[in-house]
Amino acid sequence: MAQTSNTDPYNYTMTFDLNRVQNATDIAIARTMMHESIHAYLFSVFALNDSIYEADFPLAWAKFLEDPNKDFSTDEGLHHEQMAQSYVDALKFGLIDIYGVSDYKNEEYWENIALGGLIETAWFDTTSVYSSTRKRTIKDQNSYEDTNHEYSRGSLCN
Ligand SMILES: [Zn+2]
């Protein structure tokens, strides 16, 4: 639905696919904006300096030790692994801050939506954190929001 690029040092551009935005619910758009904001943040902190990796980004630190010359700021796969490790709860609670929790939109639902940007990643395919049944639900619920399906829990933006 969107991508974030590092246009100049410390300048980031989020580009949204208008057709997909027009056919997605507010929930899918909010999820995507948060996901892309984390990309921009990781672009920024990974470009800043290497010393922060060890304390705050152990995954990036391990990769840095393997290959100090690699540019982690643009490594989308690493961004996604770091998001899976560190930002699923932040995104989930960010969505809860906006939409609240109800029977219909409980914490599990918001966690499923928070994982939406990670569905197409190698991490999602291989993680054992979620059962295959839960992964199916995560894919379905995000797809519903992406397409304003009758089972979606959000609504189209005007
Ligand atoms: Zn991403």
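Modeller: Two points come before the rest. This is a predicted model, in which local features need pLDDT of at least 70, side-chain atom pairs count only at pLDDT 80 or more, and totals for chains, interfaces and linings use all residues. Residues are numbered from 1 along each chain as its sequence is written.

Biologist: How are two packed helices described?

Modeller: By the angle between their axes and the distance between the axes. The axes are lines fitted to C-alpha atoms, for helices over the stretch in contact, and the angles run from 0 to 180 degrees between N-to-C directions. Helices (H or I, at least four residues) and strands (E, at least two) are DSSP runs, numbered from the N terminus. Here, helix 6 (residues 88-99) packs with helix 7 (residues 107-114) at an angle of about 120 degrees, and their axes are 8 Å apart.

Biologist: Is the crossing of helix 6 and helix 7 left-handed or right-handed?

Modeller: A crossing is left-handed if the near helix is turned anticlockwise from the far one by less than a right angle, and right-handed if clockwise. For helix 6 and helix 7 the crossing is right-handed. Helix 6 contributes Val88, Leu91, Lys92, Leu95 and Ile96 to the contact, and helix 7 contributes Trp110, Glu111, Ile113 and Ala114. Two residues are in contact if their C-beta atoms, placed from the backbone, lie within 7 Å.

Biologist: What is the make-up by class of the contact of helix 6 with helix 7?

Modeller: For the classes, Ala, Val, Leu, Ile, Met, Phe, Trp, Tyr, Cys and Pro count as nonpolar, Asp, Glu, Lys and Arg as charged, and the others, Gly among them, as polar. The contact of helix 6 with helix 7 has 7 nonpolar residues, 2 charged and no polar ones.

Biologist: At what angle do helix 7 and helix 9 cross?

Modeller: They cross at roughly 80 degrees, and their axes come within 8 Å. That makes helix 7 roughly perpendicular to helix 9. The contact joins Tyr109, Asn112 and Ile113 of helix 7 to Thr137, Ile138, Gln141, Asn142 and Glu145 of helix 9. By class, the residues of this contact divide into 3 nonpolar, 4 polar and 1 charged.

Biologist: And helix 4 with helix 5: how far apart are their axes?

Modeller: The axes of helix 4 (residues 58-66) and helix 5 (residues 76-86) are 9 Å apart, and the angle is about 145 degrees. Leu59, Ala60 and Lys63 of helix 4 make the contact with Leu78, Glu81, Gln82 and Gln85 of helix 5. That contact has 3 nonpolar, 2 polar and 2 charged residues.

Biologist: Which residues touch the most other members of the largest nonpolar core?

Modeller: A nonpolar core is a set of buried Ala, Val, Leu, Ile, Met, Phe, Trp, Tyr and Cys residues joined through C-beta atoms within 7 Å. A residue is buried if 20 or more other C-beta atoms lie within 10 Å of its own, exposed if 12 or fewer, and partly exposed in between, with C-beta atoms placed from the backbone. Of the 25 residues in the largest such core, Leu95, Ile113 and Ala114 touch the most other members. Helix 2 (26-48), helix 6 and helix 7 each supply at least two residues of this core, and the largest share, 9 residues, comes from helix 2. Not counting residues up to four places away in sequence, Ile113 touches Ile27, Arg31, Leu95, Gln141, Asn142 and Glu145.

Biologist: Is His35 buried or exposed?

Modeller: His35, in helix 2, is buried, with 23 other C-beta atoms within 10 Å. Leaving aside neighbours within four places in sequence, His35 is in contact with Leu91 and Gly117.

Biologist: Where does Tyr87 lie?

Modeller: Tyr87 lies in the loop between helix 5 and helix 6. With 22 C-beta neighbours inside 10 Å, Tyr87 counts as buried.

Biologist: What should I look for in phi?

Modeller: Most residues other than glycine have a negative phi. Asn148 is not a glycine, yet has a positive phi of about 50 degrees. Asn148 is placed in the segment after helix 9 (132-147).

Technical notes:
Parallel < 35°, antiparallel > 145°, perpendicular 65-115°, else oblique.
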